[in-house]
Amino acid sequence: MGVDADDTFEYIKVWARPYGPGHICLRFQNMDERNNRTVPTSFFNTTKYNPPTVVEYTLNFNQPKADMILAKKNWNGIQYNDPKFINNDYKDSDKFLLRPLEIRTFNVTFVVSEDDPTPGVTPWDYQRLPF
């Protein structure tokens with residue numbers, strides 16, 4: 001669990017904000033102008049009992065990104081709402097890609113259970129973050 005020692009967050013800015021019991025908004029930004037960066041999906045798995053549900057959201061965090069893509073209108077014969085534009089690399093592999101200067105936002109939802117009464121206890125302390 002947690003992030004492997006080999007994984008580096010060099011040039012990656014991480015912003016986390018809890019917005020309800022068991023819900024966290026995580027935003028990853030690649031600050032490198034030239035190179036792609038990868039983030040391990042193990043970053044989401046902070047509990048050993050119930051793995052969280054992770055869904056990619058739009059940058060303004062108002063809807064799932066897949067819903068936004070499927071709701072796009074087709075224009076001038078170009079099909080913009082094709083499901084092939086939905087990027088599920090965070091679900092399909094152990095790392096996800098951040099292209100140069102790209103920002104990706106995720107909704108991480110933890111399930112509270114009797115086995116794990118404190119979901120989402122992470123190595124960082126949310127009370128000390130400046131938001």
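I'm taking helices (H or I, at least four residues) and strands (E, at least two) as DSSP runs, numbered from the N terminus. This is a predicted model, so I kept local features to pLDDT of at least 70 and side-chain atom pairs to pLDDT 80 or more, while totals for chains, interfaces and linings use all residues. Residues count from 1 along each chain as its sequence is written, and side-chain values use heavy atoms, with hydrogens and water left out.

Backbone first. I found Tyr11 in the segment before strand 1, with a positive phi near 70° despite not being glycine.

Next, rings. I pair Phe, Tyr and Trp (its six-membered ring) if centres lie within 6.5 Å; planes under 30 degrees apart are stacked, over 60 edge-to-face, the rest tilted. My search of the whole structure gave 11 aromatic pairs. One of them is Tyr19 with Phe61, edge-to-face at 5.2 Å centre to centre and 80° between the planes. Tyr19 sits in strand 1 (residues 12-20) and Phe61 in the loop between strand 4 (53-57) and helix 1 (65-70), so this pair ties together parts 42 residues apart in sequence. Tyr19 is partly exposed, at 40%.

I then looked at Phe28 and Phe43: centres 5.4 Å apart, planes at 80°, so edge-to-face again. Phe28 is in strand 2 (residues 23-30) and Phe43 in the loop between strand 3 (37-40) and strand 4, 15 residues apart. Both are buried.

Terms used
Buried means under 20% relative accessible area, exposed over 50%, partly exposed in between (1.4 Å probe, protein chains only).
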